[in-house]
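I'd like to talk about charged pairs today, so let's get the model up on the screen.

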Amino acid sequence: MILYGYPKNATKGGREMEANKIRAKIKEHGLNQNSVAEKIGISANSLSRKLCGKQDFTLTEVVALCEVLKIENPQEAVSYTHLTLPTT
């Protein structure tokens, strides 16, 4: 399984900034973390840990997050979660 998460050298401040971008997108759509977590199939605690960089997102979760937050360009979602997509 491929996991996507924060690079090991990411700073705490950088992780917080990225999490704030995600939270802003959530708010922009009139949602909250609990509802987003439910829509992408994970617990609210798990989403919180992933946004804080304590756990990695799976590709399935990133795709679901894009759908829920209506992000058309996956690269935009990747920048929000401070992830890198694999190259083919």
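One definition before we start: I call a residue buried under 20% relative accessible area, exposed over 50%, and partly exposed in between, with a 1.4 Å probe and protein chains only. This is a predicted model, where local features need pLDDT of at least 70, side-chain atom pairs count only at pLDDT 80 or more, and totals for chains, interfaces and linings use all residues. Numbering runs from 1 along each chain as its sequence is written, and side-chain values use heavy atoms, with hydrogens and water left out.

Okay, the overall layout. The protein chain has five helices and two strands, taken as DSSP runs numbered from the N terminus (helices H or I, at least four residues; strands E, at least two). Along the sequence they go β-α-α-α-β-α-α. Of its 88 residues, 35% are buried.

Now, how many salt bridges are there? Counting a side-chain nitrogen of Lys or Arg within 4 Å of a carboxyl oxygen of Asp or Glu, we get two.

Lys50 and Glu61 make one of them, with their closest N and O atoms 2.8 Å apart. That pair ties together distant parts of the chain, with Lys50 in helix H3 (residues 44–51) and Glu61 in helix H4 (residues 59–68), 11 residues apart. Both Lys50 and Glu61 are buried.

Then there's Lys25 with Glu28, at 3.8 Å, N to O. Those two sit in helix H1 (residues 12–28), three residues apart, or about one turn. Lys25 counts as buried because its relative accessibility is 11%, while Glu28, at 56%, is exposed.
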